[in-house]
Every structure is written in C-alpha cells, then in structure tokens.
Amino acid sequence: MSGKKEVKTVMEKIVEDVAILEKLETDQVTQFSELALNFLQTGANKKMYKSAAKHIGASVEEVGRCIMGISKLLINGIRRKLVSRMSFGAFMDKVGVPETAAAALAAFFVKNREAIFLCVSQLSMQLPRFQNLDWRLDIEVSRRMAHNVFQPNFMFKLDTIDSQQKSQYMQVDMKTVKFLREQLKAALQESDSVHQKRVTKYGDEEVLGIGNQTIASQASNVQLKTIVWVTQQA
C-alpha cells in the first residue's frame, strides 16, 4: 500500500468543511450564512458558534470550519461576478454542495450580495498604484575642506494612488539606483515567466480565501514595493 496522503484541492476542503449543512433545515442554513457574513464584517463570534454547535449536536470546531467555508463560498461568488440564484446555485452544484443547502445559500447570497461585495472590497489588500515618478540629479563637486568630490545623488518624487493620491520624496545614490533598476528588470521578467502564468491560471480557477490576489497582480506591483524598500534602506 502507498503511504502517500491524498492531497485535496482548496475547493474540496471547503466542501468538506460545509458538509454539516446537509443535515440542517433551510432556516438553519440561512442562520449559518448570517454568521458567515458577520464573520466577514466583524470577525468570529465564538459565543454564537458554541450556541449553534450545541443546537445541532456538533463541535465548536466543526461549526467554525463550516462558517469559514461558507464565507469563502460567498467571497468566491462575488469574485466570479455571480448575480442570480441560478448562477450561484450552478456554482454550488459544480463544487458539490448538498442541493438543499445550495438553494438556501444561493437565496442568501442574492439577498445580501451588496453587503458581501462591500466586505470583499474592504478585505482585499491592495498595494498603492504607481502614478508618476519625477527625478532630479544633484551632483556635489566640492566641499569647503575637499575638492573634486563628485558625489551624484538622485532626488525622486514618487506619486501613488489608493483612496487618494500621495507623494513621497526620497534621495538615493547611484549604487541604489542601479540596484533598483536590476530589481525592476527581474520583476518584469518574472511577471512574464511560464511559472507565473501557470500559477495565475490556477489562481483564476481556484480564487478563494480572504484578500487573495493573483501572482500577476503582485508582480505588477513589485516595482512600487522595491522603490519603497530601497528608500527605507538608503
């Protein structure tokens, strides 16, 4: 016999976590969905989990995993841009959620789609986007006590935007600029690599988890992260 452990996909693990929904009534599935939405909005409510676990004869851990699984299904519905009971129900059927529970989840999703969308927007961690970069070269050629110093420095004005535009000013030497150039070049090459494309494709098929971003979006922001890192190190 093989000693290898079976590796489950993210979706299979989630369906396993929500399996206890199969033995619940429709109104109980709706209540669990409300707990999942509350989890996205304010975090886990262990007191409510304990009460629900006692009511259905399950452990607190099982209830917690189920709530987390439902929240991920709701998030995935938003990210897949599902808008109707039929589309969300078809998604539930595809991943293997029990039929009765799927119908209740679909009804809850459509009714609370705006609130779920707001949670996803707030939970998604996005880096500031690059807007503009202005630079100036300053060269110190001499000092009071020394001549022919020739020490070049670059002054950068970096404009980024998230909720609003921000400007950051930094001074870096030639060595740091060369290092920055190599890091940006490596980031661009990585974003176009075969490995990155495979990971991105997998991420598009299995987009789950809170605040998850594809590798492509991360690679496109490496430029900004590198600039900030170099600024801190300079």
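So, contacts across the chain: if you take those between residues at least 6 apart in sequence, 60% join residues at least 24 apart, with contact meaning heavy atoms within 4.5 Å. Bear in mind that this is a predicted model, where local features need pLDDT of at least 70, side-chain atom pairs count only at pLDDT 80 or more, and totals for chains, interfaces and linings use all residues. Residues are numbered from 1 along each chain as its sequence is written, and side-chain values use heavy atoms, with hydrogens and water left out.

Okay, the overall layout. The protein chain has eleven helices and three strands. Those are DSSP runs, helices being H or I with at least four residues and strands E with at least two, numbered from the N terminus. Reading from the N terminus, the order goes α-α-α-α-α-α-α-β-β-β-α-α-α-α. Of the 234 residues, 34% count as buried; buried is under 20% relative accessible area, exposed is over 50%, and partly exposed is in between, using a 1.4 Å probe and protein chains only.

Let's go to H3, residues 46–56. Which residues of H3 are buried? They're Tyr49, Ala52, Ala53 and Ile56. These cover an arc of only 100 degrees around the axis, so they sit on the same side of H3; the arc is that of the directions from the helix axis to the C-beta atoms. Turn to the face pointing away from that buried side, and you find Lys47, Lys50, Lys54 and His55 exposed. What covers the buried residues includes helix H2 (26–42) and H4.

Now, how does H3 pack on H4? Their axes are 8 Å apart, at an angle of about 110 degrees. Axes here are lines fitted to C-alpha atoms, for helices over the stretch in contact, and angles run from 0 to 180 degrees between N-to-C directions. That angle makes H3 roughly perpendicular to H4; the classes are under 35 degrees for roughly parallel, over 145 for roughly antiparallel, 65 to 115 for roughly perpendicular, and the rest oblique. The H3 and H4 crossing is right-handed, and by that I mean the near helix is turned clockwise from the far one by less than a right angle, with anticlockwise being left-handed. From H3, Tyr49, Lys50, Ala52, Ala53 and Ile56 meet Val60, Val63, Gly64 and Ile67 of H4.

Next pair: H5 (residues 85–95) and H6 (residues 99–111). Their axes come within 9 Å and cross at roughly 140 degrees, which means H5 is oblique to H6. This crossing of H5 and H6 is right-handed. On the H5 side we have Arg85, Phe88, Gly89 and Met92, and they meet Ala102, Leu105, Ala106, Ala107, Phe109 and Val110 in H6.

Last stop, the strands. Asn132 is in strand S1, residues 129–143. Is Asn132 buried or partly exposed? Partly exposed, because its relative accessible area is 31%. Leaving aside residues up to four places away in sequence, Asn132 touches Lys157, Leu158 and Asp159. Asp159 is 27 residues away along the chain, yet the C-alpha atoms of Asn132 and Asp159 are separated by 5.0 Å.
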